[in-house]
Amino acid sequence: MPTDQSPTATPAIELREVTKIADERPIVRDVDWVVQPEDRWVVLGRNGCGKTTLLRIASLYLHPTTGSVSVLGNTLGRCDVRLVRERIGWSSASFADMLRPTLTATEIVMTARYAALEPWWHEYTDADRAHADELLARVGVGHLASRQFGTLSSGERQRVLLARALMNDPGVVLLDEPTAALDLGGREELISTLDSLALDPETPPVVMVTHHVEEIPPSFTHVLLMRDGQVLAQGPTDDVLSAAALEACFGLPLQLERRDGRWLAWAKRGS
């Protein structure tokens, strides 16, 4: 996969000294983070460490208390965020609960054209429907196009939501815990799909939040480790991921191995 990190390229995401305070408590503190056009990032850390807050700031749905945020060349506070959000693909495990279960998979994907939850609020063309079906096929669930969303397995739903995140040909894709609540089969199928997308040079930069190194697709290029709202380490996956770094991130002694491109971590015996 190309890894051109030319300094003249406009970053997909650029955060400088970003802090978010809520209820007089810093949720995110002094974060500097740059996502380049060819990057595929994993944001990793414990529950409550600020991962989702960081993603919401990067999606321009949450303003930081201090610091600067630029997405796809647009600086927060100096742009129409409604227009920029249309160029940000978003998916999360919790988003599935907001969608009417009787909608078909095609309708679920198609409604992203206008960032809607229902198809009756806007008019859609045959081209919109065809594009939605193409995206379903791209993520491996084209055969489910006419199935009702509520009849799909959790893993199938997450792949439909992934297709939805790609509907508007976004400049960046943000995935908040897409493997949450999936069984082993559903998780592995989704990771395989994400791995294939990451290898495709036509795929925009991707950022995925997770709690588990086992869920890092082999072709993802970068990792950001968070603890208590702060960045512990960030950079190329092979440089950042180590047992020592994970121990600092999760607060317990850990073993770390890599097999067939996948990472495995577990607590040391007696810890």
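Analyst: The following dialogue takes up confidence, overall form, and then selected residues.

User: What kind of model is this, and how are residues numbered and values taken?

Analyst: This is a predicted model, in which local features need pLDDT of at least 70 and side-chain atom pairs count only at pLDDT 80 or more, whereas totals for chains, interfaces and linings use all residues. Residues are numbered from 1 along each chain as its sequence is written, and side-chain values use heavy atoms, with hydrogens and water left out.

User: How is confidence read, and where is it lowest and highest?

Analyst: The general idea is pLDDT, the predictor's confidence in each residue, from 0 to 100. Here the average is 91, and 97% of the residues score at least 70. Over residues 1-7 the pLDDT is below 50, and this stretch has 13 contacts in the model beyond near neighbours in sequence; a contact means heavy atoms within 4.5 Å. Among the elements, helix H2 (residues 81-85) has the lowest mean, 88, and strand S9 (residues 222-227) the highest, at 98.

User: What share of the residues is buried, and what share of the contacts joins residues 24 or more positions apart?

Analyst: Burial is read from relative accessible area: buried means under 20%, exposed over 50%, and partly exposed in between (1.4 Å probe, protein chains only). Buried residues make up 49% of the 271. Of the contacts with a separation of 6 or more, 64% join residues 24 or more positions apart.

User: How does one read a buried strand residue such as leucine 15?

Analyst: Leucine 15 lies in strand S1 (residues 13-22) and is buried because its relative accessible area is 0%. Not counting residues up to four places away in sequence, leucine 15 touches Val31, Asp32, Trp33, Leu54, Ile57, Ser68 and Val69. The C-alpha atoms of leucine 15 and glycine 67 are 7.4 Å apart, although 52 residues separate them along the chain.

User: Is glycine 67 buried, exposed or partly exposed, and what does it touch?

Analyst: Glycine 67 is in strand S4 (residues 66-71) and counts as partly exposed because its relative accessible area is 47%. Beyond its neighbours within four places in sequence, glycine 67 is in contact with Arg16, Glu17 and Val18.

User: Which residues of helix H1 are buried?

Analyst: As a general idea, an α-helix has 3.6 residues a turn, so residues three or four places apart point the same way. Helix H1 (residues 51-58) is mostly covered, with six of its eight residues buried: Lys51, Thr53, Leu54, Leu55, Ile57 and Ala58. Just after H1, leucine 60 takes a positive phi of about 70°.

User: Where else does a residue other than glycine have a positive phi?

Analyst: One case is aspartate 169, with phi near 45°, in the loop between helix H5 (154-165) and strand S7 (172-176). Aspartate 169 is exposed because its relative accessible area is 59%. Another is glutamate 177, with phi near 50°, in the loop between S7 and helix H6 (184-199). Glutamate 177 counts as partly exposed because its relative accessibility is 22%.

User: Which residues does alanine 132 touch, and which does valine 231 touch?

Analyst: Alanine 132, in helix H4 (residues 126-138), is buried at a relative accessible area of 0%. Leaving aside neighbours within four places in sequence, alanine 132 is in contact with Thr106, Val109, Met110 and Met167. Valine 231, in strand S10 (residues 230-236), is partly exposed at 25%. Not counting residues up to four places away in sequence, valine 231 touches Val31, Leu224 and Leu225. Valine 231 and valine 31 are 200 residues apart in sequence and 6.4 Å apart in space, C-alpha to C-alpha.

Definitions and conventions
Helices (H or I, at least four residues) and strands (E, at least two) are DSSP runs, numbered from the N terminus.
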